[in-house]
Amino acid sequence: MPKKKSILFMLINMNVGGTEKALLNMISEIPKDKFDITILMLEEYGGFLDSIPSGIKVKYFKGYHNIKEILKGPLHVTALDFLKKRKIIKAVIMTFLCFISKITKERSLFYKYVLREYPLDKNEYDIAVAYAGPMDFISYFIAHKTKAKRKIQWIHFDVTKIGFNKYFAAKLYKKFDQIFVVSKEGKNKLARMLPKLNDKIDEFTNIVSPELVEEMAEKGVGFEDQFGGVRILTVGRLSKEKGQDLTIPVLAKLKKNGFNVRWYCVGDGTARYEYEQLINSYNLGNDFKLLGVNSNPYPFMKHCDIYVQPSRHEGYCITLAEARCFSNPIISTNFTGAAEQLLDEETGILVGFDEHQMYNAIIRLLNDDKLRQKIKINLQREIVGNALEMDKLLKIANSF
């Protein structure tokens, strides 16, 4: 029997999020009789920890807690902090690294210094993947602190909308054999930003298993409030990029104009308090429901009347792909990759990140039965899933 190929995936933690869900979906499709899979995390944390399949090796970077604060803070602040603590040598070194980083506009030398006492991983993998990308520290770690025959950088976000350091990427991504981006539009944006690496950049759409999504929808618990009106659902982390703040004034306008609707949000995050204050300012405490984190949002997706994805920006948006597994009408802002998932007016409605456009799209679905039914029928006919994408990964693994 041929020896199994080994694959290492590195990410921050197993928080309940799209990147983590995409990884779980992908490794569930990788044949376990041909591949040994290891997940390396910076932190032992997250609601998806228990969702890691049996047989998958899990490792943690034990030194991360010693350097986490240094990695997060600006270098000049760290240097000043060392100086206040009378750690003169470290303060001088950090000041020098800050100076170099400003000149080069990237922090490779800083990462080298921080990781100077951490040895190269003794294990050699066939493939090592910087999966939580773009995350500069993980990219550097895979490039310089792991041994592998092939190395892959994965990009899950729109590089034009986040703090993407193209100077760092242009330098470090040369060390990777392949760069995968989770949407065609996202791939094109990265290629324009890093034209010299164009030959290495390819699209790898996040994998969704409709069968698993539908199975989970039958197992979990969904709406329990006995509400008799129209239920609108949004799933995602409570954060600015996910755009839930757009939906609150939209609901207020719907209620003001007499529509019997209620909006539910599955997810939690740093913007929760801000959104709670906004909900209260519009007197929507009874009708805008923050349901918190739920690793199985699929019963809600199955039984809602309208699904809304209001994101400011995404890389692909796996929750949108999962919502497409059901036949409920969908409205989405037109972020990167959205038009690759929804055909406007056919399998959903695409709008700008605009309160009035979102309101008008919901009104159309509420009032236009023909449009609503057309979208439902088209979604029922649509095949969701990207198992063919696995061929790209398997071809790389089998090329040596």
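Tyr 173 touches Pro 134, Ser 139, Gln 153, Ile 155, Phe 164, Phe 168, Ile 179, Leu 194, Leu 197 and Lys 200, residues up to four places away in sequence being left out of the count; contact here means heavy atoms within 4.5 Å. The structure is a predicted model, in which local features need pLDDT of at least 70 and side-chain atom pairs count only at pLDDT 80 or more, while totals for chains, interfaces and linings use all residues. Residues are numbered from 1 along each chain as its sequence is written, and side-chain values use heavy atoms, with hydrogens and water left out.

Tyr 173 also belongs, with Phe 9, Phe 137 and Ile 331, to the residues with the most contacts inside the largest nonpolar core, which has 133 residues. Such a core is a set of buried Ala, Val, Leu, Ile, Met, Phe, Trp, Tyr and Cys residues joined through side-chain atoms within 4.5 Å. Buried denotes under 20% relative accessible area, exposed over 50%, and partly exposed in between (1.4 Å probe, protein chains only).

Pro 134, one of the residues touched by Tyr 173, lies in the loop between strand S4 (124-130) and H6. A cis peptide bond, with omega about 0°, joins Pro 134 to Gly 133. Helix H6 (residues 136-145) contains Ile 142; helices (H or I, at least four residues) and strands (E, at least two) are DSSP runs, numbered from the N terminus. Ile 142 is buried, with a relative accessible area of 0%. Beyond its neighbours within four places in sequence, Ile 142 is in contact with Leu 8, Met 10, Ala 128, Val 129, Ala 130, Lys 151 and Phe 176.

Helix packing was examined for H10 (residues 244-256) and H11 (residues 272-281), whose axes come within 10 Å and cross at roughly 10°. Axes are lines fitted to C-alpha atoms, for helices over the stretch in contact, and angles run from 0 to 180 degrees between N-to-C directions. H10 is therefore roughly parallel to H11, a term for angles under 35 degrees. Gln 244, Asp 245 and Ile 248 of H10 make the contact with Tyr 275, Leu 278 and Ile 279 of H11.

Two residues other than glycine have positive phi values: Asn 283, near 55°, and Glu 345, near 75°. Asn 283 is placed in the loop between H11 and strand S10 (288-292) and is exposed, with a relative accessible area of 69%. Glu 345 occupies the loop between helix H14 (338-341) and strand S13 (349-351); Glu 345 is partly exposed, at 25% relative accessible area.

How values were computed
Parallel < 35°, antiparallel > 145°, perpendicular 65-115°, else oblique.
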